[in-house]
Amino acid sequence: MEDKNVKDTVRQIFTEYLNANGHRKTPERYAILDTIYSIDGHFDIDTLYSLMADQENFRVSRATLYNTIILLINARLVIKHQFGNSSQYEKCYNRDTHHHQICTQCGKVVEFQNEQLQQAIASTKLSRFTLSHYSLYLYGLCSKCERANRKKKTNNQSQHKKEK
């Protein structure tokens with residue numbers, strides 16, 4: 001039931017945004033919004049395009065997806081992340097604050113929450129600035145890549161010793 005309430009609320013917010021900014025209220029835009037708010041976690045345009053293509057009622061072009069995503073970002077219903085070379089999106093209405101760990105080797109993104117980090121950021125005094133929201137990205141190696149690199153290094157060292 002809560003999911004339906006969220007979808008109704010975001011539809012209302014989107015309608016108000018479209019009205020206030022003179023944009024058309026098309027069924028395709030609402031179908032895109034509904035699809036996005038059915039996705040858990042991050043998605044890219046290709047994933048969204050595939051999900052939309054599976055719906056028989058709405059055939060939307062990639063251009064319509066990109067244009068609607070921009071409207072949803074401006075309406076503060078979707079947030080865009082730049083993880084390395086790929087743009088990822090996620091719904092942001094009524095979501096808990098979370099952070100992202102990004103592996104610089106395999107590109108894996110893991111969400112995590114940390115109360116101490118959230119409190120530290122919330123209590124930080126900002127000069128002539130009112131914080132509305134933030135994103136935190138931590139870059140490094142995931143444990144799988146770290147293990148693979150250690151194994152590769154060990155194999156290279158033993159190979160090097162054999163050659164001597």
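Helix α2 is mostly covered in this predicted model: of its 10 residues, seven are buried. The buried ones are R29, Y30, A31, I32, L33, T35 and I36. Two of these names, I32 and I36, return when we turn to the largest nonpolar core.

That core has 25 residues. Those that touch the most other members are F14, I32, I36, L48, L72 and L77. Four helices each supply at least two residues of this core: α1, residues 2-20; α2, residues 27-36; α3, residues 45-53; and α4, residues 62-74. As general background, nonpolar side chains in soluble globular proteins tend to be buried together.

Let me stay with L77 for a moment. Which residues is L77 in contact with, leaving aside its neighbours within four places in sequence? The list begins with V10, I13 and F14, continues with L33, Y37 and L72, and ends with E90, K91, C92 and Y93.

I now move to the strands. Strands β1 and β2 run antiparallel and are joined by six bridges. Within this pairing, K80 stands opposite Y89 of β2. The two strands form a hairpin with two residues between them. In the turn, G84 has a positive phi of about 65 degrees.

How much space lies in it? The value is about 470 Å³. Its lining consists of 21 residues, and I79, C92, R95, H133 and Y134 lie nearest the centre. The elements that give two or more residues to this lining are β1, residues 78-83, and β2, residues 86-91. The most comes from β1, with four residues. Sorted by class, the lining holds eight nonpolar, seven polar and six charged residues.

Next, please find H100, which has its place in strand β3, residues 99-103. Is H100 buried or exposed? Its relative accessible area is 2%, and the cut-off for buried is under 20%, so H100 counts as buried. Its contacts, not counting residues up to four places away in sequence, include H42, H81 and F83, together with E90. Also touching H100 are V109, V110, E111 and F112, as well as L136, Y137 and L138.

The loop between α3 and α4 contains R59. Exposed means over 50% relative accessible area, and R59 is therefore exposed at 61%. Between the C-alpha atoms of R59 and S143 there is a separation of 41 Å, with the two residues 84 apart along the chain.

R76 counts as exposed because its relative accessibility is 56%. The phi of R76 is near 60 degrees, which is a positive value in a residue other than glycine.

Finally, R128 lies in the loop between α5, residues 115-122, and β5, residues 137-140. Why does R128 count as exposed? The reason is its relative accessibility of 85%. R128 is not a glycine either, yet it has a positive phi of about 50 degrees.

Key:
Residues numbered from 1 in each chain as written. Predicted model: local features only at pLDDT ≥ 70, side-chain atom pairs only at ≥ 80, totals over all residues. Heavy atoms only, no water. 1 Å grid on protein atoms, 1.4 Å probe; cavity = no way out; pocket = protein on both sides within 12 Å on 5 of 7 lines; lining within 4 Å. Points joined across faces, edges and corners; volume = space filled by probe spheres on them. Nonpolar A, V, L, I, M, F, W, Y, C, P; charged D, E, K, R; others polar. Pairing = 2+ DSSP bridges. Core = buried A, V, L, I, M, F, W, Y, C linked by side-chain atoms within 4.5 Å. Buried < 20%, exposed > 50% of the residue type's maximum accessible area, 1.4 Å probe, protein only. Contact = heavy atoms within 4.5 Å.
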